[in-house]
Amino acid sequence: MSSTGHATHKEPVAVVGIGQTKHVAARKDVSIAGLVREAAQRALEDAQLTWADIDAVVIGKAPDFFEGVMMPELYLADALGAVGKPMLRVHTAGSVGGSTALVASNLVASRVHKTVLTLAFEKQSESNAMWGLSLPIPFTQPLLAGAGGFFAPHVRAYMRRTGAPDHVGSLVAYKDRRNALKNPYAHLHEHGITLEKVQSSPMLWDPVRYSETCPSSDGACAMILTDRAGAARSPQPPAWMHGGAMRSEPTMFAGKDFVSPQAGKDCAADVYRQAGIGDPRREIDAVEMYVPFSWYEPMWLENLGFADEGGGWKLTESGVTELDGDLPVNMSGGVLSTNPIGASGMIRFAEAALQVRGQAGEHQVDGARKVLGHAYGGGSQFFSMWLVGAQPPTS
Amino acid sequence: MPEVLKAPLVVEFPFTRSLGPVQSAFLTGLRERTVLGVKTTDGKVMVPPVEYDPVTADELRDLVEVEPTGTVTTWAWNPEPRRGQPLDAPFAWVLVKLDGADTGLLHALDAPGPDAVTTGMRVRVRWAAERTGAITDIACFEPYEGAAAEAEPAAHDGQFDDAVSGIVAEARLDYVYSPGRAQTAYINALADRRTVGERCPSCRKVYVPPRGACPTCGVATTDRVEVGPAGTVTTFCIVNVKAKNLDIELPYVYAHIALDGADLALHGRIAGIPYDQVRMGLRVEPVWTEGGRYPDHYRPTGEPDADYDTYKELV
Ligand SMILES: [Zn+2]
């Protein structure tokens with residue numbers, strides 16, 4: 001199969017509208033409907049479209065237990081102008097924001113619909129995600145550690161495998177929190193953040209420190225995806241999708257590599273094949289990736305092919321992933337600064353699109369032409385990624 | 001085949017709901033014995049009110065006050081009320097179109113039996129004695145002899161003193177949980193302080209605990225294999241933060257342990273060694289306490305550490 005074999009049959013997909021809420025710990029002033037409406041309305045305004053211009057709605061969020069509303073998409077149809085239109089819910093744990101956008105993109109690429117609203121949200125303040133993830137299943141040994149206890153042993157395994165020095169995790173957190181200061185929508189705005197403050201924050205699950213963990217947020221993110229004709233009418237420069245893929249693997253199986261899961265490698269390889277990317281480190285200008293604990297930046301850099309095994313932490317340590325570095329990572333401040341779980345994947349995808357549209361404001365990477373958006377979830381069970389460009393795909 | 005284990009599983013949580021402006025006005029209104037609806041773009045009155053127009057998607061904010069009396073548009077008899085339902089005695093679920101409204105409100109009707117309920121019957125709100133700003137401020141509906149009011153519902157600004165902005169929505173699910181055949185055998189063996197997994201007939205990997213099928217090959221696993229009791233710490237973290245419902249002195253070590261013969265690490269706590277001396281490759285064995293279903297923790301065996309190459313595939 002040639003690298004462009006399928007692409008000629010697909011309708012090119014453009015992002016012409018992006019909207020998100022100001023992410024905060026608790027949006028007590030709005031219902032869930034009001035929260036998603038705010039993001040969707042901003043995406044419509046960005047695209048200068050109305051509800052009547054939308055042909056279908058694809059929505060995603062993390063497990064229902066996170067707010068305790070079973071199938072919330074049913075009650076959100078009127079808030080999202082979906083009455084009388086197809087409405088789909090996508091469900092892939094923490095990666096859901098990414099896979100939701102990809103399902104929406106497939107509807108446009110396959111010419112089922114011309115213009116699709118896609119949206120993802122979480123209102124974490126209405127419940128407790130850790131409770132939702134640790135139900136008291138009879139006969140089962142309880143997890144002996146909190147949220148970070150699941151991730152910290154994998155971080156230690158990465159350090160052992162690659163010889164990464166202790167301070168790399170703090171460097172990532174320091175960078176992401178500074179990037180968040182440039183993003184008005186980010187949840188955490190830690191003015192006066194210093195590397196020393198990160199490094200002196202409490203060690204919660206050694207080797208993971210407090211400042212190296214993500215917050216719990218209320219927020220929503222929406223995008224308007226459309227076809228070539230829709231992009232031609234767009235008042236703002238569109239972002240063009242050059243490749244998108246999802247991969248899954250079991251949460252636990254003999255031979256699973258938690259440090260660099262096979263499904264993540266395969267997913268990235270598929271995206272690069274679709275986009276004609278041979279050398280991601282050289283050909284991709286920036287990456288917005290799902291980093292819930294700071295150490296996942298170097299881990300994913302390797303998993304996504306930006307560095308060989310053991311090379312990820314060296315990119316971080318040498319400043320390559322800084323906002324003004326050669327390969328900026330998590331320009332928005334990342335999950336480390338904003339985490340409405342169900343929306344977190346879509347925020348990554350939206351940031352990639354904002355960058356190639358040149359509309360990322362103070363956290364804009366100069367000359368970003370091709371940017372990767374990445375999401376994962378469910379104990380490294382689901383992966384979803386897309387690569388967007390400033391120019392339409394050539395094939 | 002021995003019987004599979006079963007046990008009740010109750011999942012419950014007091015979820016909180018931020019109401020937003022429309023639901024806030026509606027529920028606060030109920031507290032004040034006032035039923036509010038919202039006018040849609042085409043002039044219909046919806047009760048309960050919604051925030052967005054179901055036809056045009058417009059934002060709806062024009063509230064009106066409707067009557068506490070109305071007409072049953074359809075109903076279903078509930079012969080055996082369950083936990084948390086509005087009435088303890090048998091009652092009718094009804095959709096009530098309140099006078100002045102164009103849509104039905106779902107609630108309970110207190111009636112002696114199904115013969116006393118008809119579509120088209122007139123009903124009125126029975127207010128709860130104690131009202132907090134919740135749908136339960138309407139205790140239920142009851143039969144009512146008066147005719148429908150003719151007047152148009154009046155506009156209402158939705159403003160009340162001390163408005164309710166959030167509610168607690170208690171949710172509870174009752175299950176009977178069974179871990180299935182494979183895990184039942186695993187749990188029963190643990191009672192004899194033996195750890196028994198199952199081997200995949202295709203890839204030969206030993207799963208502990210067994211799931212009854214190999215997640216990689218998709219085939220049933222049946223061959224029982226006893227593993228351990230000793231094993232190797234493949235990786236770990238030092239826990240410095242108290243986990244909910246766990247009474248373990250901090251700090252402690254939470255580790256992934258590959259029992260000898262298993263192809264998957266399981267999880268456990270390491271003790272019997274200072275926390276800062278635990279390391280990858282440490283050889284450990286289980287320590288049981290009376291009545292414990294699982295080992296209380298694992299302690300060093302005193303053997304030399306395992307070589308990284310012998311367990312790196314299990315990390
Ligand atoms: Zn197998």
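Which are the buried residues of α11(A)? That was my opening question for this notebook, and I kept in mind that I was looking at a predicted model.

**Entry 1: a covered helix in chain A**

I looked up helix α11 of chain A, residues 296-303, and found it mostly covered, with eight of its eight residues buried. The list reads Tyr296(A), Glu297(A), Pro298(A), Met299(A), Trp300(A), Leu301(A), Glu302(A) and Asn303(A). Next I wanted to see what they pack against. On the helix side I noted α5 (147-162), α6 (168-180), α9 (262-275) and α12 (312-317) of chain A among the partners. Strands β10 (370-377) and β11 (382-389) of chain A are also included. Following α11(A) I came to Gly305(A), which has a positive phi, near 85°.

**Entry 2: Leu117(A)**

I then went to strand β4 of chain A, residues 115-123, where Leu117(A) has its place. Is Leu117(A) buried or exposed? I wrote down buried, because its relative accessible area is 0% and the cut-off for buried is under 20%. Setting aside neighbours within four places in sequence, I found Leu117(A) in contact with Ala40(A), Trp51(A), Ile54(A), Ala56(A), Val57(A), Val58(A) and Leu80(A), among others. Ala222(A), Met223(A) and Ile224(A) are on that contact list too. I also checked Leu88(A): it lies 29 residues from Leu117(A) in sequence, and the two C-alpha atoms are 11 Å apart in space.

**Entry 3: where the two chains meet**

How many residues does the contact take from chain A and from chain B? I noted 53 residues from chain A and 61 residues from chain B. Interface size is often given as the accessible area lost when the parts come together. For chain A and chain B I have about 4600 Å² buried between them, with 63% of it on carbon and sulfur atoms. I looked for salt bridges across this interface, and the rule finds one. A salt bridge joins the side chains of Glu126(A) and Arg17(B), at 2.9 Å from N to O.

**Entry 4: a patch on the surface**

On the surface I picked out a nonpolar patch formed by Met70(A), Met71(A), Leu74(A), Leu173(B) and Tyr175(B). Together they have about 500 Å² of accessible area. I followed up Met71(A), which sits in the loop between β2 (56-61) and α2 (72-76) of chain A. Met71(A) counts as partly exposed because its relative accessibility is 45%.

**Entry 5: domains of chain B**

The domain assignment of chain B gave me domain 1 (7-172), domain 2 (193-227) and domain 3 (228-315). I looked at domains 2 and 3 of chain B, whose C-alpha centres lie 21 Å apart. Nine residues of domain 2 and 12 residues of domain 3 take part in their contact. These two domains of chain B bury about 870 Å² between them, 61% of it on carbon and sulfur atoms. In domain 2 of chain B, Arg193(B), Val208(B) and Val227(B) lose the most area to domain 3, together 63% of what that side buries. My salt-bridge check across this domain interface came back with zero.

**Entry 6: Thr195(B)**

My last stop was Thr195(B), in strand β12 (residues 195-199) of chain B. With a relative accessible area of 12%, Thr195(B) is buried. Which residues is Thr195(B) in contact with, leaving aside its neighbours within four places in sequence? I listed Tyr186(B), Leu190(B), Val208(B), Val225(B), Glu226(B), Val227(B) and Leu259(B).

How values were computed. Residues numbered from 1 in each chain as written. Chains lettered and ligands numbered in written order. Predicted model: local features only at pLDDT ≥ 70, side-chain atom pairs only at ≥ 80, totals over all residues. Heavy atoms only, no water. Patch = residues over 30% accessible without salt bridge, like charges linked within 9 Å, V, L, I, M, F, W, Y side chains within 5 Å. Areas by Shrake-Rupley, 256 points an atom, 1.4 Å probe, with all protein chains shown as cover. Salt bridge = Lys/Arg side-chain N within 4 Å of Asp/Glu carboxyl O. Helix = DSSP H or I, 4+ residues; strand = E, 2+ residues; numbered from the N terminus. Buried < 20%, exposed > 50% of the residue type's maximum accessible area, 1.4 Å probe, protein only. Domains from an automatic or database assignment. Contact = heavy atoms within 4.5 Å. Buried area = accessible area lost by both parts, 1.4 Å probe.
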